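The sequence and the coordinates are shown first, and the description follows.

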Amino acid sequence: MSELPGFELDERTDAQPGLPVLEPAVAEPPPRRGMPAWSRPSVWLPPLVAIAVLAGAWQLYAAHNPFVIPTIPKIFDELTSRPDFYLRNALTTLQEALVGAALGMGIAFLLAVVMSYVRIVERAVLPLAVILNVTPIIAIAPALVVAFGFGPTPKYIITAVLVFFPFLINSLIGLRSADPLALDVLKTLNASHTEILWRLRLPSSLPFLCAGARICVPLSLIGAVVAEFVAAGQTNGLGTLIVTAASLSDLPTIYASVAVLAVIGIALFVLVVLIQRRLLVWHSSANLTK
Amino acid sequence: MEPETGTSSDQADSALVIDGVYKGYPSGRARVPVIENVSLLAPRGQFVTVIGPSGCGKTTLLRIVAGLLEVDRGTVSIFGESVQRASAAKHIGLVPQSPALLPWRTVLDNVRLPLQVNKKPDSDGSRSHADPIAVLKSFGLGHVVNRRPAQLSGGMQHRVAIARAFVFDPPILLMDEPFAAVDELTREMLRHELLSIWQANKKTVLFVTHSISEAIALSDVVVIMSANPGTIRKVIPIGLPRPRNDLVETTEEFHELERQIRIELRDSWRGTK
């Protein structure tokens, strides 16, 4: 007999006669002390069921269509038959992603520092950065291969270019987010630009830098894999492995590589979140990511 | 009328001299004056409060004295020096409208901040700094030195902001409605704390407020400003005996001053209509 969504009418004995009491239909049990949230079945059971259902559907479909997707045991066999081979290729791709990300994020941050102090640099550079961002940068990948060959250099460049813009914007907003009244206090103390940057602007920007890293680190993995697609051949790496396997219609190898990429992606993301929690104990966002 | 809190012979001994200051903001082609022809003398060790309706330029005046805004005309000097030199010598302590504490620093590290930047004036040996922990204890914050600002109540955060301004012992303190954002009871408590701390070390203070009772309880002189453009309307010396405590607000004299200032403010407000 519920008349309002989420509420139900309940005639309680302690309520005034004839006056129904509005109460939330789902009473949230108070969180029990000493028990982490993930240990409650209501937290871990739903995603587990979802994964099980998905795996079942995959398996069912793969059993009848082996040329569309391989069965899960087949992927597993492929992975366990030559783990060092996958590890070697994974390390190559991971290295490309991390070097590219460090390069792109580093340059973006330094440029944001300059831009936050010198307006004219911002006016000059920001439109270029926007153009770089809206251009599907993968399009220049073949040109980079022509210029730099099949070595790691074009992979670093593509990955760096991919993460550059999101990190530039996050850094710029972060550096500008400093409390203007705290800035006033430092200015009346005649603090230098470096002191203001180091003691106020940089720590104020940390929540934004962390948010940027959460976008850019997974993006760097995409950059490295796609760069390997274009410049497959000389060096190895999971992207190279995938295109080579595709040309041989070797589905288990492709999905095994994808599985390894997923594990790397999760590991990188968890790492970023852990660093963020460490850096931002003082910030409310540190509690939101739990 | 030249509103002054002392005669010109005191000028040499004045902590703060504001002389014929004009400040405007561009609006279209013209410049709209925010404050016009403002002159003020604050003798050393006096507590001077500026009060006035919103938009009368009190905060603008304070920001000029703090060196955060440039004047269009007129001069400001602090202990005979330009504002820039006073700021370079760390002679100015600012308590802004909100506590503006750095959330990633503990209370103690927030109070240490002024000692960590622009270290040149500290190194010439002429200054003695208070021990940050001792300052925090004198503000009743001895038990929270290792907490972060987010773990403190609003009133405590304001106390930390005031302690931060006291710690490097600047000869002049500028306070811009420092208690505007806290509730009435906390505000009264903070006022009495400030009163007792100020009476203990007698710094020159320029204080900006909306509150008439706050102005009277704290000040040696109340400066009433009127708006459009911001000018000084009247300077009222507060002759209440010192040291004062919270009981001062119950005296007949206090109420008489309150009435007088209220009438002036009402007239200044009407004058702008």
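Leaving aside neighbours within four places in sequence, B:L206 is in contact with B:L16, B:A42, B:V48, B:V50, B:L62, B:V65 and B:L174; two residues count as in contact if their C-beta atoms, placed from the backbone, lie within 7 Å. The model is predicted, and for this reason local features need pLDDT of at least 70 and side-chain atom pairs count only at pLDDT 80 or more, while totals for chains, interfaces and linings use all residues. Residues are numbered from 1 along each chain as its sequence is written, and chains are lettered from A and ligands numbered from 1 in the order in which they are written.

**Nonpolar cores**

B:L206 is also one of the residues with the most contacts inside the largest nonpolar core, together with B:L16, B:V65, B:A163, B:L174, B:V222 and B:V223. That core has 85 residues. A nonpolar core is a set of buried Ala, Val, Leu, Ile, Met, Phe, Trp, Tyr and Cys residues joined through C-beta atoms within 7 Å. A residue is buried if 20 or more other C-beta atoms lie within 10 Å of its own, exposed if 12 or fewer, and partly exposed in between, with C-beta atoms placed from the backbone. Helix α6 (residues 154–166) of chain B gives the largest share of this core, seven residues. A second, separate core holds 51 residues, including A:M115, A:A141, A:L241 and A:A256.

**The sheet of chain B**

Helices (H or I, at least four residues) and strands (E, at least two) are DSSP runs, numbered from the N terminus. Two strands pair if DSSP finds at least two bridges between them. In chain B, six strands make an open sheet of mixed pairing, in the order β6-β7-β8-β3-β9-β10. Strands β6 (92–95) and β10 (231–237) of chain B are at the edges with a single partner strand each, so one side of each is left without a neighbour in the sheet. From one strand to the next, the twist averages 20°.

| Strands | Sense | Bridges |
|---|---|---|
| β6(B) and β7(B) (residues 172–176) | parallel | four |
| β3(B) and β8(B) (residues 204–209) | parallel | five |
| β3(B) and β9(B) | parallel | four |
| β9(B) (residues 221–226) and β10(B) | antiparallel | six |

Individual residues mark these pairings. B:G93 stands opposite B:L173 in β7(B), and B:I51 has B:T209 of β8(B) as its bridge partner. B:V48 lies opposite B:V221 in β9(B), while B:M225 has B:I232 of β10(B) as its bridge partner.

Strand β3 (residues 47–51) of chain B is mostly covered, with five of its five residues buried. B:F47, B:T49 and B:I51 are on one side of β3(B) and B:V48 and B:V50 on the other.

**The contact between the chains**

How many residues does each chain bring to the contact? Chain B contributes 21 residues and chain A 17 residues. On the side of chain B that touches chain A, α2 (83–88), β6 and α3 (107–116) of chain B each supply at least two residues. By class, that side has 14 nonpolar, five polar and two charged residues. Here Ala, Val, Leu, Ile, Met, Phe, Trp, Tyr, Cys and Pro count as nonpolar, Asp, Glu, Lys and Arg as charged, and the others, Gly among them, as polar.

**The helices of chain A**

Chain A has eleven helices and two strands, and along the sequence the pattern is β-β-α-α-α-α-α-α-α-α-α-α-α. Of its 290 residues, 32% are buried. Among the contacts in chain A with a separation of 6 or more, 69% join residues 24 or more positions apart.

Helix α3 (residues 83–117) of chain A and helix α6 (residues 153–176) of chain A pack at an angle of about 35° with their axes 6 Å apart. Axes are lines fitted to C-alpha atoms, for helices over the stretch in contact, and angles run from 0 to 180 degrees between N-to-C directions. The residues of this contact comprise 22 nonpolar, five polar and three charged.

Helix α5 (residues 141–148) of chain A also packs against α6(A), at an angle of about 145° with the axes 9 Å apart. A:A141, A:L144, A:V145 and A:F148 of α5(A) meet A:T153, A:P154, A:I157 and A:I158 of α6(A). This contact has seven nonpolar residues, one polar and no charged.
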